Amino acid sequence: MMGSRSDICALLFGVCLAMVAGCSGPVVKPQAQVDPALAATLAEQGRQALEQGHAGAAKRAWRQAVELNPADPVVVNNLALLLVEDRSFVEATSLLERGLEHSPRVAELHYNLAVIAELYLLDLQKALVHYQRYRELSEAEDQAVAGWIADLERRLD
């Protein structure tokens with residue numbers, strides 16, 4: 001196994017934060033309608049808040065962004081990772097599942113859902129399904145994930 005799952009999760013969090021860098025704007029109470037432009041503004045506010053060490057403000061901004069645009073996998077993923085830091089594993093799982101309803105082909109959402117399911121919720125079957133989907137969607141072969149899949153298959157037999 002190359003690196004721990006938490007190391008990989010932290011790396012993916014950093015990559016996702018970098019992907020968010022192109023957004024901007026003010027915090028506004030979420031509305032029932034989809035508003036991708038305002039969601040992008042909130043996503044940028046969340047990124048900036050996290051960079052300044054304000055995880056609570058980042059979470060608030062990203063929650064509003066997800067309500068306004070649940071189809072943004074980067075914001076969904078970033079918020080889920082913050083929820084994991086708070087040990088809110090069930091909420092993070094629900095958020096990732098909701099994100100996958102809108103973005104089923106985003107490998108990182110599957111990966112993080114698999115990690116949470118395996119390590120924190122002990123839902124090995126869910127973890128296996130999402131690691132397998134991650135592997136299918138990933139461009140490069142990930143030997144660590146292949147090993148985790150083999151291990152889960154053995155444990156589930």
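Helix H2 covers residues 36-51, which makes 16 residues. From first C-alpha to last, H2 reaches 22 Å, close to the 22 Å expected at 1.5 Å a residue. The model is predicted.

**Helix H2**
- The buried residues of H2 include Leu38, Ala39, Thr41, Leu42 and Ala43.
- Glu44, Gln45, Gly46 and Arg47 are also among the buried residues of H2.
- Ala49 and Leu50 complete that buried list.
- An α-helix has 3.6 residues a turn, so residues three or four places apart point the same way.
- Just after H2 comes Gly53, with a positive phi of about 85 degrees.

**Asn69, in a loop**
- Asn69 lies in the loop between helix H3 (55-68) and helix H4 (73-85).
- Asn69 has a relative accessible area of 15%. Buried means under 20%, so Asn69 counts as buried.
- Leaving aside neighbours within four places in sequence, Asn69 is in contact with Pro36 and Ala39.
- Ala39 is itself one of the buried residues of H2.

**Leu137, in helix H7**
- Leu137 belongs to helix H7, which covers residues 124-137.
- Leu137 is buried because its relative accessible area is 15%, under the 20% cut-off.
- Leaving aside neighbours within four places in sequence, Leu137 is in contact with Pro104, Arg105, Val106, Ala107 and His110.
- Val106 is 31 residues from Leu137 in sequence. In space, Leu137 and Val106 are 7.4 Å apart, C-alpha to C-alpha.

Conventions. Residues numbered from 1 in each chain as written. Predicted model: local features only at pLDDT ≥ 70, side-chain atom pairs only at ≥ 80, totals over all residues. Heavy atoms only, no water. Helix = DSSP H or I, 4+ residues; strand = E, 2+ residues; numbered from the N terminus. Buried < 20%, exposed > 50% of the residue type's maximum accessible area, 1.4 Å probe, protein only. Contact = heavy atoms within 4.5 Å. Expected span 1.5 Å × (residues − 1).
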